[in-house]
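Please look over the chain shown here before reading on.

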Amino acid sequence: MNTRVEWVRDNCRLLKGIAEEFSASRPFEGLTIGTGIHLEPKTVALLLTLKEGGARVVSTGNLNSTQQTAVDHLRTHGVEVIGGPTRDPEEHRANLVQVLEARPQLILDNGGDLFTLYLERPYDGLLGGTEETTSGRMRLEPLRAQLRVPILVINDSPIKQFAENEHAVGQSVLESYMRVTNRVTNGQRVTVFGYGSCGRGVAENFKGAHAQVSVAEVDPVKRLNAHLDGYATPHRDEAIAGADLIVTVTGGERILRGSDLALLKDGVILANAGHFPVEIDVPDLRAHASVTATTQYEDGVESLHLDDGRTVHLVTEGHMFNLAGPRPLGNSIESMDLGFALQARCLQAVAADPTMADACVVPVPVDIDNRVANAYLDLHYSAPLPAGSR
Ligand SMILES: NC(=O)c1ccc[n+]([C@@H]2O[C@H](COP(=O)([O-])OP(=O)(O)OC[C@H]3O[C@@H](n4cnc5c(N)ncnc54)[C@H](O)[C@@H]3O)[C@@H](O)[C@H]2O)c1
């Protein structure tokens, strides 16, 4: 029987087409690409596409999202994978260092881990690369003057914003919530922290699942946007106090912390969908004086029992729960196929022209967005009608 990795590869139709093209044109011949991105089936399809283009690919995962089946598949297909699944930040850092020891000319980063480490231990020959996500862009923007190589930010393509962050993250967060907790959404009071593109999708999906959704947002313009989209936009303390479920998806730190325990409703579930496991300060919550005991359940749920009898539940220890929970599926195949087609085309562009002026931490070039959008529409929408149909 074929595996899920093979199902995903077969359905990454944009990447399949690009891999075929790359196997003839070999845009990465003689180059090493170092990657630090979630190792799960969709990234397998991306990394093997880069390999088809002639690259030596040296990879490690992100913290707490690596899937062993993905690692095994990559290794049997000639990708060098450093380490395996880990929750240990020190082990993760050592894996990243090993990727950089291969002195990759191109870096594919997710969260800015590899580029920031490169600045601590620079080497000759780095041409540039890509950064996948919002949190990485926020980390790398202040380092432009030191990095001084083209780094194209996939997140800042409008395609990634609407196809993945808004639609796909919203769907997969809802799907993950139901799979991990098996709890009802109808009539539940859900607070979403952050109304960026991910938060919009999360709010919309829970609204569609008949929850009463509130949005807590620090940016007044985004807050107005949420209000006009029909959500309650209370002050954060009020939004915390009434909630049955709180989802953080801000890219910030310590959005929820120990001092918030006093506000939380009995039975509330706390879940993070932001990239780094710092939006919910789990160590601070666990160490708070009001916590008298904890219970661990399988599938990544932990309950904190408080001295006044209330219980607060944490999902996947504050790690990005749509990729860190049990049997994680992550975002839909098609949304990631789009984003990873952007990745492949951007790395191809940097390899072809590493002197790109003023391209350090900038959005995907418009011609690449247009090319990927047209390719997707050709495959999924404009397919000719079968013969005989009208
Ligand atoms: N789970 C996934 O599969 C997935 C996929 C893509 C991106 N992400 C991650 O999700 C996070 C959000 O991404 P985005 O693209 O929506 O970012 P964004 O920058 O578009 O939106 C984040 C929003 O959070 C708000 N915010 C910041 N601090 C806040 C606070 N203390 N309280 C309330 N609101 C606050 C900001 O004002 C902003 O509007 C990032 O960490 C990103 O890397 C996760």
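Predicted model: local features only at pLDDT ≥ 70, side-chain atom pairs only at ≥ 80, totals over all residues.

Residues are numbered from 1 along each chain as its sequence is written. The chain is divided into domain 1 (4–159 + 331–380) and domain 2 (163–324), with bounds that come from an automatic or database domain assignment. Helices (H or I, at least four residues) are DSSP runs, numbered from the N terminus.

**Domains and their contact**

- The C-alpha centres of domain 1 and domain 2 lie 29 Å apart, and the contact takes 17 residues from domain 1 and 16 residues from domain 2, where two residues are in contact if their C-beta atoms, placed from the backbone, lie within 7 Å.
- On the side of domain 1 that touches domain 2, helix 7 and helix 15 (333–352) each supply at least two residues, and the largest share, 4 residues, comes from helix 15.
- By class, that side of domain 1 has 5 nonpolar, 11 polar and 1 charged residues; here Ala, Val, Leu, Ile, Met, Phe, Trp, Tyr, Cys and Pro count as nonpolar, Asp, Glu, Lys and Arg as charged, and the others, Gly among them, as polar.

**Surroundings of the ligand**

- Of the 28 residues around the ligand, those that come nearest are Gly194, Gly196, Cys198, Thr250 and His275, a residue being near a molecule if its C-beta atom, placed from the backbone, lies within 6 Å of it.
- Helix 7 (134–140), helix 9 (158–181) and helix 10 (197–208) are the elements that give two or more residues to this shell, and helix 10 provides the largest share, 3 residues.
- The shell around the ligand has 10 nonpolar, 15 polar and 3 charged residues.
- Because domain 1 and domain 2 both give residues to the shell around the ligand, it lies between them.

**Helix 3 with helix 4**

- The axes of helix 3 (residues 41–52) and helix 4 (residues 68–76) come within 9 Å and cross at roughly 20°, the axes being lines fitted to C-alpha atoms over the stretch in contact, with angles that run from 0 to 180 degrees between N-to-C directions.
- That makes helix 3 roughly parallel to helix 4, since angles under 35 degrees count as roughly parallel and those over 145 as roughly antiparallel.
- Helix 3 passes helix 4 in a right-handed crossing; a crossing is left-handed if the near helix is turned anticlockwise from the far one by less than a right angle, and right-handed if clockwise.
- Pro41, Thr43, Val44 and Leu47 of helix 3 make the contact with Ala70, His73 and Leu74 of helix 4, and these residues divide into 5 nonpolar, 2 polar and no charged.

- Helix 3 passes helix 15 in a right-handed crossing, with Lys42, Ala45, Leu46, Thr49 and Leu50 of helix 3 contacting Ile333, Met336, Phe340, Gln343, Ala344 and Leu347 of helix 15.

How values were computed: Parallel < 35°, antiparallel > 145°, perpendicular 65-115°, else oblique.
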